Amino acid sequence: MPSAFQESESTTERLDASTHTDRMTRTGSVARESAVLVGVYLDDQGQSSSPLDELADLAEAAGVSELGRIIQRRRKPEVATFIGSGKLAELKELVQATDADLVIFDNDLAPSQTKNLEEELKVKVIDRTELILDIFASRAQTTEARLAVELAQLEYSLPRLKRMWTHLERQGVGGVGLRGPGEKQLEVDRRLAQKRIVDLKSELRTIYERRRREVSARKKYGTVSLVGYTNAGKSTLLNRLTDSDVFVKDQLFATLDTRTRRWSLPGWGPVLLSDTVGFIRDLPHHLIASFRATLEETSQADLLLHVADATSPEVVGQIESVFNVLTELGIREKDTLLVLNKIDSLSSDALFVLQEKYPGAIPISARSGIGLEKLTAAVSDALSKEFLELTIEMSVANGRLAALLAKEGEVLSKQYTDETVAFHCRVPQYLLGLLQRERDITILGAPEMPTGDW
Ligand SMILES: Nc1nc2c(ncn2[C@@H]2O[C@H](COP(=O)(O)OP(=O)(O)OP(=O)(O)O)[C@@H](O)[C@H]2O)c(=O)[nH]1
Ligand SMILES: [Mg+2]
């Protein structure tokens, strides 16, 4: 019989993701291509000593090899090409000298900018969002993740379809006239894309509703979700705490699907611990929207453990980015516990600085196990605010209430007398109001209710 503790994975096969879609998403995979990386930083952006490092890691995760880097600092972007004309000429020389297939911008490019750049550079140009979408597309394994990525890719591609058509036209495939076959093809593609978007949204909605039911069915257990910047060590921590074997890699976006495992929290009992997709600075909006179902686990958790890589030179910005995504998902900061991971590889001075900045944070090493006792104690404490430990005395004949307590709460012990039974149990906060309306029972250990007119 399936239990609430079993890992929930979708079993339905992927519906055929339509060959049209493959044609309509703007680019095929960039894996095995080689690229020049470009960062145009405005005002105070990209202050670190090597601001293109993250893009380089993303490129590596996508299977792209790096041939060179170009950085420009400007007050505002050049309207037509984002990068200024002098740097563009330098970029063109580098592309030709290295024989690159691809140029990747660390910025979000408007469709017209990509088009102008491709015409000038004569190679494919993609931006950061498209690179991230490419990684997700190549990694997605469950039906849900695939549908979510396909939706995000199509929504990203839709305003760029015109460009595909002009490309075809340039290659002599489409017609030249205004009403030529090229434009007809464009209209057909656009309509097909729109229809597929509607279908995908409806499939994802069904998954979303099912997931919602599954998540709320588990509500009687404490639920804890791991969130954090990609590569922070979330999966390593899940493995360490629950003795599991989830995929871990020194790579961005190693995890795309949610995994839930039973965690025997010392001094508390079983809780459900979930690991999910990592966040990144400026996570493409389409992706957040598409991954809402996957992140449902996160938004309904009793507590979030926000895992940060304390060894990253960008850790402060990464913590900030995660808070931004959480806010976008409607999750309150007060329900999260910040965990500074990888302290086995951090100097004590650097840790001191971080602890000054984040006084409530818990330093750990998921790899070596340092700090895990403190972490489990803090999780127990935080969950205690969400759950109440009560003793409820009632008649032995009250089978309905006994069943409710067993279903919604966790019965820790029972003590019988002739006519009564006392349940020592842990129940979620929300159940208290309901229990207080029951007749003929005695509740011990409940917090005082506020009094007065309200
Ligand atoms: N030194 C050190 N490395 C760690 C620690 N925890 C994790 N790592 C390493 O950090 C890398 C990323 O770990 P993961 O657990 O895959 O990170 P994640 O947050 O799940 O990453 P994504 O799923 O890609 O978002 C791996 O190479 C881990 O071995 C730690 O405590 N100390
Ligand atoms: Mg992971």
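Biologist: Where does lysine 342 lie?

Modeller: Lysine 342 sits in the loop between strand S9 (336-341) and helix H13 (348-357). Keep in mind that we are looking at a predicted model.

Biologist: How should I read the phi angle there, and what is phi of lysine 342?

Modeller: Start with the general idea: most residues other than glycine have a negative phi. Lysine 342 has a phi near 70°, a positive value in a residue other than glycine. With a relative accessible area of 22%, lysine 342 is partly exposed.

Biologist: Which phi does phenylalanine 82 have, and is phenylalanine 82 buried or exposed?

Modeller: Phenylalanine 82 is not a glycine, yet its phi is positive, at about 65°. You will find phenylalanine 82 in the loop between strand S2 (65-74) and H3. Its relative accessible area is 8%, so phenylalanine 82 is buried, as the cut-off for that word is under 20%.

Biologist: Are serine 235 and threonine 255 buried or exposed?

Modeller: Both serine 235 and threonine 255 are buried.

Biologist: Now for the other ligand. How many residues surround ligand 1, and which are the closest?

Modeller: Ligand 1 is surrounded by 23 residues, and the closest are Lys234, Thr236, Ala254, Thr255 and Asp344. Sorted by class, this shell has six nonpolar, eleven polar and six charged residues. Helix H9 gives the most to the shell, with three residues.

Biologist: Which atoms lie by the oxygen atoms of ligand 1?

Modeller: Look at the side chain of threonine 230, where a polar atom lies 2.9 Å from an oxygen atom of ligand 1. For glutamine 251, a backbone N or O atom lies 3.2 Å from an oxygen atom of the ligand. For alanine 254, a polar backbone atom is 2.6 Å from an oxygen atom of ligand 1. The protein buries 93% of the 650 Å² that ligand 1 exposes when taken alone.

Biologist: What is the idea behind a salt bridge, and how many salt bridges are counted here?

Modeller: Side chains of opposite charge can pair when their charged atoms come close. The count for this model comes to 18 salt bridges.

Biologist: Which residue forms a salt bridge with arginine 74?

Modeller: Arginine 74 pairs with glutamate 78, and their closest N and O atoms are 3.3 Å apart. Arginine 74 counts as partly exposed, at 22% relative accessibility. Glutamate 78 also counts as partly exposed, at 33%.

Biologist: What about lysine 92 and glutamate 120?

Modeller: Their side chains meet in a salt bridge, at 3.4 Å from N to O. Lysine 92 is in helix H3 (residues 85-98) and glutamate 120 is in helix H4 (residues 111-121), so this pair ties together parts that are 28 residues apart in sequence. Lysine 92 is partly exposed, with a relative accessible area of 23%, and glutamate 120 counts as partly exposed at 34%.

Biologist: Which salt bridges share partners in one network?

Modeller: Begin with aspartate 106 and arginine 128, whose side chains meet in a salt bridge at 3.1 Å, N to O. This pair links distant parts of the chain: aspartate 106 is in the loop between strand S3 (102-105) and H4, arginine 128 is in helix H5 (residues 128-139), and they are 22 residues apart. Both aspartate 106 and arginine 128 are buried. Through shared partners, salt bridges join Glu54, Asp106, Arg128 and Arg281 into one network.

Conventions:
Residues numbered from 1 in each chain as written. Chains lettered and ligands numbered in written order. Predicted model: local features only at pLDDT ≥ 70, side-chain atom pairs only at ≥ 80, totals over all residues. Heavy atoms only, no water. Buried < 20%, exposed > 50% of the residue type's maximum accessible area, 1.4 Å probe, protein only. Near = heavy atom within 4 Å. Polar contact = N/O pair within 3.5 Å; in protein donor to acceptor, adjacent residues only side chain to side chain. Areas by Shrake-Rupley, 256 points an atom, 1.4 Å probe, with all protein chains shown as cover. Helix = DSSP H or I, 4+ residues; strand = E, 2+ residues; numbered from the N terminus. Nonpolar A, V, L, I, M, F, W, Y, C, P; charged D, E, K, R; others polar. Salt bridge = Lys/Arg side-chain N within 4 Å of Asp/Glu carboxyl O.
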